[in-house]
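Please look through the structure below before reading on.

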Amino acid sequence: MLHKLENRAEVEHSSVGMKLWLGWVGLSVAVGLAYFLTAQLGLALLTTAERVAVFWPASGIAVGILIALGGWARGPVAAGVIVATLAANLMADRSVWSALAFGLCNAAEALLAIWLIERWFGPALSLDSLRRVLRFFAAAAVAAATAAVGAAGAMKLFGPSTAAFLDVWEVWFASDA
């Protein structure tokens with residue numbers, strides 16, 4: 001009898017693990033698809049000198065999903081963002097190294113933004129006062145500025161931009177913010 005209970009517990013544990021894994025993969029695919037489509041939109045409009053997107057609505061999608069779903073979604077969102085950025089940039093004739101660097105910068109931006117939001121707001125985001133709204137904008141600005149540093153560095157190392165570091169940083173920050 002004890003052996004049957006142990007087997008049943010193992011099967012139930014395995015079933016729960018499989019459901020969690022499928023949920024993780026499903027969310028990664030959904031985020032990746034949404035991020036890829038909006039990244040394609042952003043990459044359709046590049047600046048001439050810096051070769052950076054004029055606007056990047058994909059970053060808002062990643063942060064919005066993290067706000068809506070909470071901390072458990074960090075891994076799937078980061079994975080979806082990295083893969084989608086990699087695919088979108090490779091389709092835009094960028095090098096593998098620059099595409100990977102941009103993917104890591106975009107994922108780090110979303111993770112930093114949600115970390116700041118959770119740190120400043122606690123578990124529930126509420127924009128019920130001017131102070132909270134300003135904190136929300138500050139979290140977005142800090143995350144975008146930080147990601148822009150990494151992305152501008154990657155642009156200087158891997159291309160395709162030949163513009164100055166600060167010029168790339170300014171355009172990247174403006175498009176993400």
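**Helix packing and cores**

The axes of H5 and helix H6 (residues 165-176) come within 8 Å and cross at roughly 140°. Axes here are lines fitted to C-alpha atoms, for helices over the stretch in contact, with angles running from 0 to 180 degrees between N-to-C directions. H5 and H6 are therefore oblique to each other, a class left over when angles under 35 degrees count as roughly parallel, over 145 as roughly antiparallel and 65 to 115 as roughly perpendicular. Helices are DSSP runs (H or I, at least four residues), numbered from the N terminus.

This is a predicted model, in which local features need pLDDT of at least 70 and side-chain atom pairs count only at pLDDT 80 or more, while totals for chains, interfaces and linings use all residues. Residues are numbered from 1 along each chain as its sequence is written, and side-chain values use heavy atoms, with hydrogens and water left out.

The largest nonpolar core has 27 residues. Such a core is a set of buried Ala, Val, Leu, Ile, Met, Phe, Trp, Tyr and Cys residues joined through side-chain atoms within 4.5 Å, where buried means under 20% relative accessible area (1.4 Å probe, protein chains only). Helix H4 (96-121) is among the elements that give two or more residues to this core, and the largest share, seven residues, comes from H4. Val77 is one of the residues with the most contacts inside this core. Leaving aside neighbours within four places in sequence, Val77 is in contact (heavy atoms within 4.5 Å) with Val31, Ala62, Ile65 and Leu66. A second, separate core of 13 residues includes Ala152 and Val168.

How values were computed. Buried means under 20% relative accessible area, exposed over 50%, partly exposed in between (1.4 Å probe, protein chains only).
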